[in-house]
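Hi,

Here's the structure I promised to pass on. Have a look first, then read my notes below.

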Amino acid sequence: MPIDPNDILAVAILLSKQNTEATDRSAVSRAYYCVYHHGMRVPEEKLPPVDPEKPSKSCHQQLSDRLREGKKSKWQNVAYKINLLRKARVTADYHLRAPASAIDANVAIRRARSVIKALDAL
(Lines give C-alpha, C1' and ligand atoms only; values in the text may rest on other atoms or scores of the structure.)
Protein backbone atom coordinates (compact mmCIF):
# COMPACT_ATOMS: atom_id res chain seq x y z
CA MET A 1 0.00 0.00 0.00
CA PRO A 2 1.49 3.38 -0.95
CA ILE A 3 2.07 5.91 1.77
CA ASP A 4 1.34 9.60 1.81
CA PRO A 5 4.04 12.22 2.53
CA ASN A 6 2.11 13.08 5.69
CA ASP A 7 2.81 9.54 6.90
CA ILE A 8 6.51 10.33 6.64
CA LEU A 9 5.99 13.47 8.72
CA ALA A 10 4.14 11.40 11.31
CA VAL A 11 7.21 9.16 11.57
CA ALA A 12 9.40 12.26 12.03
CA ILE A 13 7.17 13.37 14.89
CA LEU A 14 7.35 9.94 16.54
CA LEU A 15 11.12 9.86 16.16
CA SER A 16 11.49 13.34 17.68
CA LYS A 17 9.82 12.13 20.86
CA GLN A 18 12.45 9.42 21.45
CA ASN A 19 15.02 11.98 22.63
CA THR A 20 18.22 10.40 21.29
CA GLU A 21 20.68 11.87 18.84
CA ALA A 22 20.03 9.10 16.34
CA THR A 23 16.27 9.61 16.39
CA ASP A 24 16.66 13.40 16.24
CA ARG A 25 18.81 13.01 13.13
CA SER A 26 16.30 10.62 11.61
CA ALA A 27 13.44 13.02 12.40
CA VAL A 28 15.23 15.82 10.53
CA SER A 29 15.74 13.51 7.56
CA ARG A 30 12.13 12.32 7.52
CA ALA A 31 10.82 15.90 7.77
CA TYR A 32 12.80 16.82 4.66
CA TYR A 33 11.65 13.77 2.71
CA CYS A 34 8.04 14.51 3.60
CA VAL A 35 8.45 17.96 2.03
CA TYR A 36 10.33 16.60 -0.98
CA HIS A 37 7.63 14.06 -1.82
CA HIS A 38 4.85 16.56 -1.15
CA GLY A 39 6.62 19.07 -3.41
CA MET A 40 6.88 16.55 -6.21
CA ARG A 41 3.09 16.32 -6.14
CA VAL A 42 2.65 20.02 -6.93
CA PRO A 43 0.84 20.03 -10.26
CA GLU A 44 3.11 20.57 -13.22
CA GLU A 45 1.08 23.51 -14.47
CA LYS A 46 1.98 25.47 -11.34
CA LEU A 47 5.73 25.11 -11.77
CA PRO A 48 7.92 26.38 -14.57
CA PRO A 49 8.70 23.68 -17.12
CA VAL A 50 11.96 21.79 -16.96
CA ASP A 51 14.46 23.38 -19.35
CA PRO A 52 15.88 20.54 -21.49
CA GLU A 53 18.92 22.71 -22.33
CA LYS A 54 20.04 22.96 -18.71
CA PRO A 55 22.37 20.32 -17.36
CA SER A 56 20.52 17.74 -15.34
CA LYS A 57 20.75 18.17 -11.58
CA SER A 58 19.68 15.91 -8.81
CA CYS A 59 15.94 15.57 -8.45
CA HIS A 60 16.23 17.32 -5.08
CA GLN A 61 17.90 20.37 -6.59
CA GLN A 62 15.48 20.44 -9.53
CA LEU A 63 12.50 20.92 -7.22
CA SER A 64 14.06 23.99 -5.58
CA ASP A 65 15.30 25.35 -8.90
CA ARG A 66 11.88 25.10 -10.50
CA LEU A 67 10.29 26.92 -7.58
CA ARG A 68 12.96 29.66 -7.63
CA GLU A 69 12.54 30.09 -11.39
CA GLY A 70 8.83 30.70 -10.90
CA LYS A 71 9.56 34.41 -10.49
CA LYS A 72 6.96 34.65 -7.78
CA SER A 73 8.22 35.63 -4.36
CA LYS A 74 6.05 33.07 -2.60
CA TRP A 75 7.56 30.29 -4.75
CA GLN A 76 11.06 31.56 -4.03
CA ASN A 77 10.30 31.65 -0.31
CA VAL A 78 9.16 28.00 -0.45
CA ALA A 79 12.35 27.08 -2.34
CA TYR A 80 14.41 28.79 0.36
CA LYS A 81 12.67 26.84 3.13
CA ILE A 82 13.07 23.57 1.22
CA ASN A 83 16.78 24.28 0.86
CA LEU A 84 17.07 24.93 4.59
CA LEU A 85 15.44 21.56 5.25
CA ARG A 86 17.65 19.88 2.69
CA LYS A 87 20.81 21.31 4.27
CA ALA A 88 19.64 20.16 7.70
CA ARG A 89 18.98 16.68 6.27
CA VAL A 90 22.44 16.49 4.71
CA THR A 91 24.01 17.50 8.02
CA ALA A 92 21.90 15.01 9.95
CA ASP A 93 22.60 12.15 7.54
CA TYR A 94 26.23 12.72 6.58
CA HIS A 95 27.98 14.90 9.14
CA LEU A 96 27.88 12.69 12.19
CA ARG A 97 30.42 14.80 14.09
CA ALA A 98 28.14 17.82 13.86
CA PRO A 99 25.84 18.06 16.87
CA ALA A 100 22.17 17.16 16.51
CA SER A 101 19.44 17.75 19.04
CA ALA A 102 15.75 17.69 19.73
CA ILE A 103 15.71 21.37 18.81
CA ASP A 104 16.94 20.50 15.31
CA ALA A 105 14.25 17.86 14.96
CA ASN A 106 11.50 20.18 16.17
CA VAL A 107 12.64 23.03 13.90
CA ALA A 108 12.65 20.67 10.91
CA ILE A 109 9.16 19.41 11.73
CA ARG A 110 7.77 22.95 12.13
CA ARG A 111 9.46 24.02 8.91
CA ALA A 112 8.07 20.97 7.07
CA ARG A 113 4.55 21.82 8.18
CA SER A 114 5.02 25.40 7.01
CA VAL A 115 6.36 24.30 3.61
CA ILE A 116 3.51 21.85 3.09
CA LYS A 117 0.98 24.63 3.69
CA ALA A 118 2.86 26.92 1.34
CA LEU A 119 3.09 24.25 -1.38
CA ASP A 120 -0.64 23.60 -1.09
CA ALA A 121 -1.30 27.34 -1.52
CA LEU A 122 0.75 27.71 -4.72
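This is a predicted model: local features need pLDDT of at least 70, side-chain atom pairs count only at pLDDT 80 or more; totals for chains, interfaces and linings use all residues.

Let's start with a question: is Arg-25 buried or exposed? Arg-25 is buried, with a relative accessible area of 7% (buried means under 20% relative accessible area, exposed over 50%, partly exposed in between, using a 1.4 Å probe and protein chains only).

Residues are numbered from 1 along each chain as its sequence is written, and side-chain values use heavy atoms, with hydrogens and water left out.

Back to Arg-25: its salt-bridge partner is Glu-21, with the closest N and O atoms 2.7 Å apart. (A salt bridge is a side-chain nitrogen of Lys or Arg within 4 Å of a carboxyl oxygen of Asp or Glu.) Glu-21 is partly exposed, at 40%. The two sit four residues apart in helix α2, so about one helical turn separates them (helices are DSSP runs of H or I, at least four residues, numbered from the N terminus).

The whole structure has three salt bridges. Another one joins Arg-89 to Asp-93, at 3.4 Å between the closest N and O atoms. Arg-89 counts as buried at 7% relative accessibility, whereas Asp-93 is partly exposed at 30%.

Asp-4 also forms a salt bridge, with Arg-41, their closest N and O atoms being 3.0 Å apart. That pair links distant parts of the chain, 37 residues apart.

Cheers
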